[in-house]
Amino acid sequence: SFENDYLNLPALFAAAAIPLYAWQRGDNDPLVVFGGVCAFLNPEPLAEIVDLVAVGEAEPLLDGLLTGLQAPVARRDQLLAQLAQLPGIYVPVFYQPEYDDRGATFSVQHGFPKRIVRQYLANLDDSPSRNFIRTPATEFGHMALIEASRGCARACRFCAAGFIYRPFRERSLGNLLGQIDEDLCQCDRIGLVAAAVADHSGFDRIQQHIIARGGELSVSSLRLDAITPAHVDRLHQAGHTSVAIAPEAGSQRLRDVINKGLSTEQIFTAAHALAAGGIRNLKMYFLIGLPTEGPADLEAIIDLTASLAGIWKDVGSARGQLGKVTISVNPFIPKPFTPLQWAAMTPEKELKKKVRRLQAAIARIPNTRLLVESPRLATVQGLLSRGDRRVGRLLPQLAAGANLKHLCAAESYPLEATLFQERRADECFAWEIIDQGFGRGYLRQEYERALSTAGEISD
């Protein structure tokens, strides 16, 4: 599901007695299939490990893939050649990369598509998307999870989900309510899953329906400018005690750079509505190391946190029950197929300085907790997100805890150019072996708009 999960692969393959690299496996070894969001964001870091990649969403891919896997062929290479003809199936062995000053380019064997077109389900109503097996031993075992929509219409410039899941699609209200009714027969809590649940055009009706049926509602996240007092009241009625929101940046300038589309006034309006509506706990997500970020932008996170914690304290004191404010901070990673894919990532040493400043300041804000993703692991994730297939050769050492900088130097891998330098406008990216269905020119135009929006870097 996430790039840092790759670090588990050497141990998993060893435990199963399967050779790690595709070229080590023969006709008697199983095929290794790579699917999920990382597979169509950038499959190249695993291209020498997996046999084939399912590029896109499961619903349009599975029937053809499962049928193709049962083809009556004698040899592994014959089967792979047949599978490579299926829409959305990428077989890396037929694509040989070359790396030079232009970036990554591919030599494609005759008869195979030049790029792999990402597949997606046009109509969500054609297939249910929910957890059919529930057990209390799992993280969300106490609720029925149902996908409300897929993708996001907001186009925040840092967010891969808003681009690679295009077009934005939502499940029809009738289809969604039918699934909810089925699940409420077995479970009293419904968890709606989407990039921004409150963006669903029928969100009010959905809330009312669940409450009327005596159920409780849980949402994966809420868009700040979509929160209304009526929404909050129904969330409270449905048993919600905590809500997560994502300002992403503390300053208005930096929110404009990333196209977050939120004003400070909207943030405070939403916070007042949540606090007054009986939501006890608030979680906020921020990014550090965004392009053009300066010291003033970091201080703005602290100031915004202090203000919102003050609102929570005042309202909590009035009702005699203090809640908690949690700040979750993650280093920015310039993800493939986003407008910020050309941006540089902030080096680990600088990220640690930013984290120390936040820790020192937020420790002084009462009833507030800070959670921070490890800058070291974020840097590893950056490499696994943005690297080419040479990264797969580093995986066993990375999984064993090797120092990333020393390892890349020893193996002559260009870590600095991959992560910490702004990419050239005309550079060819390894992940562009995938065709997402939208133009590179559009992404570049959005990147240039971000830089022009930035203005002067805060000091």
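**Entry 1: a ring pair**

Buried means under 20% relative accessible area, exposed means over 50%, and partly exposed is in between, with a 1.4 Å probe and protein chains only. I am working on a predicted model, where local features need pLDDT of at least 70, side-chain atom pairs count only at pLDDT 80 or more, and totals for chains, interfaces and linings use all residues. Residues are numbered from 1 along each chain as its sequence is written, and side-chain values use heavy atoms, with hydrogens and water left out.

I then searched the whole structure for aromatic pairs and got 10. Rings of Phe, Tyr and Trp (its six-membered ring) pair if their centres lie within 6.5 Å; planes under 30 degrees apart count as stacked, over 60 as edge-to-face and the rest as tilted. One of the pairs is Tyr 21 with Trp 23, stacked at 6.1 Å centre to centre with 15° between the planes. Tyr 21 has a relative accessible area of 11%, so I put it down as buried. Trp 23 counts as exposed because its relative accessibility is 64%.

Phe 94 and Phe 112 are stacked as well, with 4.2 Å between the centres and 10° between the planes. This pair links distant parts of the chain, 18 residues apart: Phe 94 is in the loop between strand E3 (89-90) and strand E4 (95-100), and Phe 112 is in the loop between strand E5 (103-108) and strand E6 (116-117). Helices (H or I, at least four residues) and strands (E, at least two) are DSSP runs, numbered from the N terminus.

**Entry 2: a cluster, and charges over rings**

Which residues form one aromatic cluster? I found Trp 342, Phe 429, Trp 431 and Tyr 447.

**Entry 3: salt bridges**

I searched the whole structure for salt bridges and the count was 31. A salt bridge is a side-chain nitrogen of Lys or Arg within 4 Å of a carboxyl oxygen of Asp or Glu.

I looked up Lys 335 and Glu 3, whose closest N and O atoms are 3.0 Å apart in a salt bridge. The two are 332 residues apart: Lys 335 is in the loop between strand E14 (325-331) and helix H12 (348-362), and Glu 3 is in the segment before helix H1 (9-15). Both Lys 335 and Glu 3 are buried.

Next I took Arg 76 and Asp 51, which meet in a salt bridge at 2.9 Å, N to O. Arg 76 is in helix H4 (residues 76-83), while Asp 51, 25 residues apart from it, is in the loop between helix H2 (37-41) and strand E2 (52-54). Arg 76 counts as buried at 11% relative accessibility, and Asp 51 does so at 5%.

The side chains of Arg 150 and Glu 57 form a salt bridge at 2.6 Å, N to O. Both of these residues are buried. Salt bridges with shared partners join Glu 57, Glu 59, Glu 147, Arg 150, Arg 169 and Arg 171 into one network.

**Entry 4: around Val 257**

Is Val 257 buried or exposed? Its relative accessibility is 2%, so I noted Val 257 as buried. Val 257 is in helix H9 (residues 252-257). Not counting residues up to four places away in sequence, Val 257 touches Arg 157, Pro 291, Thr 292, Ala 450, Thr 453 and Ala 454. Contact here means heavy atoms within 4.5 Å.

**Entry 5: backbone**

Most residues other than glycine have a negative phi, and most peptide bonds are trans. I found a cis peptide bond joining Arg 166 and Pro 167, with omega about -5°. Pro 167 lies in the loop between helix H5 (161-164) and strand E9 (169-170).

Phe 337 has a positive phi, near 60°. Phe 337 is in the loop between E14 and H12, and at 5% relative accessibility it counts as buried. Ser 412 has a positive phi too, about 55°. Ser 412 is in the loop between helix H15 (404-410) and helix H16 (415-420), and I noted it as exposed because its relative accessible area is 63%.
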